[in-house]
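Visitor: Could you walk me through this model, starting with the surface and then going on to the fold?

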Amino acid sequence: MDDLDVDVTSGDVRVRVTGLKKVVRDMSKAGVDAEDIKDLMFAAGEIVARRASWLAPVRGGALRNNIRVGRSKTKASIKVGSARVPYARFAYFGKKDEQKGMYQKANPFIYDALNATRTQVFNKIDTGIVDILKKHDLY
């Protein structure tokens, strides 16, 4: 369990990825450029972000246009919300206002996007690692 990198659960779907940190660490030790790994993780995150933008609730489009991907060697992170889109968390997690008698249902569009694209994401990471290894004559 020490090498567990990703553990995502949404409803009855669970995605677990182990060993990715070790692969990245070993690639770095072998001389692979960190930017190559960051580019791969970014590309994997873009797959999820594109789907999330189609699943996000739309009124004026600001929320949909505010979905972005972070850059890291060991993960692909999807970010939503900003000072211009402060309601993103309510659209995602839902909101209950008992004083006004209002309730906004949660819309976990990022988890839904991940669940819908996980095969593509895993394939991207798998082929991307092989491509990086070949680029550096390590495969």
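**Surface and fold**

Guide: The protein chain exposes about 9100 Å² (Shrake-Rupley method, 1.4 Å probe), and carbon and sulfur atoms supply 49% of that area. This is a predicted model, in which local features need pLDDT of at least 70, side-chain atom pairs count only at pLDDT 80 or more, and totals for chains, interfaces and linings use all residues. Residues are numbered from 1 along each chain as its sequence is written, and side-chain values use heavy atoms, leaving out hydrogens and water.

Visitor: How much of the protein chain counts as buried?

Guide: Of its 139 residues, 35% are buried, a label for under 20% relative accessible area, with exposed meaning over 50% and partly exposed lying in between.

Visitor: And which helices and strands are there, in what order?

Guide: The protein chain has four helices and six strands (DSSP runs of H or I, at least four residues, and of E, at least two), and from the N terminus on they follow the order β-β-α-α-β-β-α-β-β-α.

Visitor: What share of the contacts joins residues at least 24 apart?

Guide: Counting contacts (heavy atoms within 4.5 Å) between residues at least 6 apart in sequence, 54% in the protein chain join residues at least 24 apart.

Visitor: Changing topic, what is the phi of D137?

Guide: D137 has a positive phi of about 50°, although it is not a glycine. Most residues other than glycine have a negative phi.

Visitor: Where is D137, and is it buried or exposed?

Guide: D137 lies in the segment after α4 (109-135), and it counts as exposed because its relative accessibility is 71%.

Visitor: What about K29, buried or exposed?

Guide: K29 belongs to helix α1, and with 68% relative accessibility K29 also counts as exposed.

Methods. Buried means under 20% relative accessible area, exposed over 50%, partly exposed in between (1.4 Å probe, protein chains only).
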